[in-house]
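Visitor: I would like to learn how to read a protein model. Please take me through it one feature at a time.

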Amino acid sequence: MKKGLSILMLLVLCSCAANTPDASPEPSPSPPPEGFPFEAYGQVMYVCAPVKPVLDNLPEPRDRFESPSCAFEGLDITYFYPGFELTTYPENGEEHILSVVLTDDSVSTPGGVFIGGTVSNMEKAYGTDYTQKGGQYTYTAGKGSLVFTFRDDVIIGIVFAYVAGG
């Protein structure tokens, strides 16, 4: 009788456990990153992505600047690092990457393009599917753009940026 009662209790417990909702459901997967990646200090960054995991693994910035956001409620924050500036925007209580601006030739895009490069370098790395307006060549993917600014066929600016409505 004891053995029968034990088996019955085991069956009841098992059936209850099978119907109990999982207390810790698997988190829904994050959408795949959009746009163009930028990498520095072993951290890959995409526009619109939450910045906290990136900032947690970057060294302390040289400086930081906050200003009221023109497009979002809250503050835009720019973090200054050697070779690039990382600007964020507020959304749903957390910071997201708005742009990465390369500031000198000490860093490059993952395609190996750097300030001082040429149109040929850019096209070899990213192809010819860009729009051109004046001295700017813009590649767009999802919510991100990669903008190269030229003067006399030499790259003088590189920006990874959020594309509103992208």
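Guide: What follows goes from the overall fold to the salt bridges. Keep in mind that this is a predicted model.

Visitor: How many helices and strands does the protein have, and in what pattern do they follow along the sequence?

Guide: Start by counting the elements, then read their order. Here there are 3 helices and 10 strands. Along the sequence they run α-β-β-α-β-β-β-β-α-β-β-β-β.

Visitor: What share of the residues counts as buried?

Guide: A residue is called buried when its relative accessible area is under 20%. Of the 166 residues in this protein, 30% count as buried. The accessible surface comes to about 10,500 Å², and carbon and sulfur atoms contribute 56% of that area.

Visitor: What part of the contacts comes from residues 24 or more positions apart?

Guide: Among contacts with a separation of 6 or more, such residues account for 37%.

Visitor: How many salt bridges does the structure hold?

Guide: For a salt bridge, look for a side-chain nitrogen of Lys or Arg within 4 Å of a carboxyl oxygen of Asp or Glu. The structure holds 2. One joins lysine 52 to aspartate 56, with the closest N and O atoms 2.9 Å apart. These residues are 4 apart in helix 2 (residues 52-57), so about one helical turn separates them. Both lysine 52 and aspartate 56 are exposed.

Visitor: Which residue forms a salt bridge with glutamate 66, and how accessible are the two partners?

Guide: The partner is arginine 64, and the closest N and O atoms are 2.3 Å apart. Glutamate 66 is partly exposed, at 38% relative accessible area. Arginine 64 also counts as partly exposed, at 41%.

Key
Residues are numbered from 1 along each chain as its sequence is written. This is a predicted model: local features need pLDDT of at least 70, side-chain atom pairs count only at pLDDT 80 or more; totals for chains, interfaces and linings use all residues. Side-chain values use heavy atoms; hydrogens and water are left out. Helices (H or I, at least four residues) and strands (E, at least two) are DSSP runs, numbered from the N terminus. Buried means under 20% relative accessible area, exposed over 50%, partly exposed in between (1.4 Å probe, protein chains only). Contact means heavy atoms within 4.5 Å. Accessible areas come from the Shrake-Rupley method with a 1.4 Å probe; for residues, only the protein chains shown count as cover.
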